[in-house]
Amino acid sequence: MRNGVFISFEGGDGAGKSTQIALLANVLAERTGRDVVTTREPGGTALGRTLRSALLHGGEVSPRAEALIYAADRAHHVATLIRPALARGAIVLTDRYLDSSVAYQAGGRALPASEVEQLSSWATEGLLPDLTLLLDLPPEVAATRREGPADRMERAGADFHQRTRQAFLDRAAADPGRWVLIDAGQPLAVVAEHVRHAVVERLADSMAAGQEPSVSGRVGRP
Ligand code: TYD
């Protein structure tokens with residue numbers, strides 16, 4: 001049994017996920033009075049930060065090793081941070097989750113999608129988000145937003161990033177009950193409003209703690 005609410009943000013590098021998570025976390029903490037935990041993958045735990053550094057700032061990693069390391073990061077993240085937070089009733093916002101593995105390791109690296117998904121499913125004992133927000137942006141636009149040197153994944157090339165984008169869009173279209181697609185090319189405040197609206201529309205019932213988030217939009221689960 002869990003009492004918390006689990007929301008993941010997905011999309012390419014540079015789509016603005018971390019900014020939107022910070023904005024949403026403030027709104028939700030203020031308006032629901034609940035504990036809001038923000039985290040990310042890879043690197044939401046101490047072990048995860050070691051794995052993140054190997055994945056992004058080390059040498060070559062073969063595709064299957066890469067898939068296993070992301071899954072290991074996720075297994076530890078879920079077991080030690082996400083599940084305990086959900087059990088105590090927190091709202092958990094994560095910057096990336098299992099869908100990133102399907103988009104990057106299957107879509108991008110061309111490993112079989114069902115196997116990559118199964119690996120993450122095993123790693124997380126089947127934990128899925130209540131809601132996944134896809135901040136969609138063409139990779140060539142995202143690349144212009146990047147600051148600093150590209151990491152190992154960002155260096156993977158234009159075709160790779162086109163495939164990951166398409167994989168995200170396909171997954172979102174296949175499961176509209178869990179996903180909401182948001183155009184991340186809009187101004188930051190407009191994206192933030194779409195994010196708030198999606199969260200209220202889908203999750204107001206499960207987030208209410210005596211007081212519902214007072215954000216415009218239809219309230220209640222579809
Ligand atoms: P992220 O921290 O979102 O990078 P950035 O801040 O540059 O957007 O994610 C790190 C990289 O790891 C990103 O390129 C996506 C990739 N990734 C995968 O390939 N598979 C995964 O399962 C996850 C969680 C991330």
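A pocket is taken here as an open set of grid points, on a 1 Å grid over the protein atoms alone, with protein on both sides within 12 Å along at least five of seven lines, and its lining residues have an atom within 4 Å of a point. In this predicted model, the largest pocket is lined by 50 residues, of which D13, G14, K17, R96 and E154 lie nearest its centre. The space that the ligand takes is this largest pocket.

**The largest pocket**
- The largest pocket holds about 1000 Å³ of space, and its lining comprises 18 nonpolar, 16 polar and 16 charged residues.
- At least two lining residues come from each of α1 (17-32), β2 (36-40), α2, α3, α4, β4 (131-136), α6 (139-145) and α7 (158-174), with α7 giving the most, namely six residues.

**The shell around the ligand**

**Polar contacts and cover**
- A polar side-chain atom of S101 lies 2.6 Å from an oxygen atom of the ligand, while for R52 a polar side-chain atom lies 2.8 Å from a ligand oxygen atom.
- In the side chain of Y70, an N or O atom is 2.8 Å from an oxygen atom of the ligand.
- On its own the ligand has 540 Å² of accessible area, of which the protein covers 90%.

Terms used
Residues numbered from 1 in each chain as written. Predicted model: local features only at pLDDT ≥ 70, side-chain atom pairs only at ≥ 80, totals over all residues. Heavy atoms only, no water. Polar contact = N/O pair within 3.5 Å; in protein donor to acceptor, adjacent residues only side chain to side chain. Areas by Shrake-Rupley, 256 points an atom, 1.4 Å probe, with all protein chains shown as cover. 1 Å grid on protein atoms, 1.4 Å probe; cavity = no way out; pocket = protein on both sides within 12 Å on 5 of 7 lines; lining within 4 Å. Sits in = over half its atoms within 2 Å of the grid points. Points joined across faces, edges and corners; volume = space filled by probe spheres on them. Helix = DSSP H or I, 4+ residues; strand = E, 2+ residues; numbered from the N terminus. Nonpolar A, V, L, I, M, F, W, Y, C, P; charged D, E, K, R; others polar.
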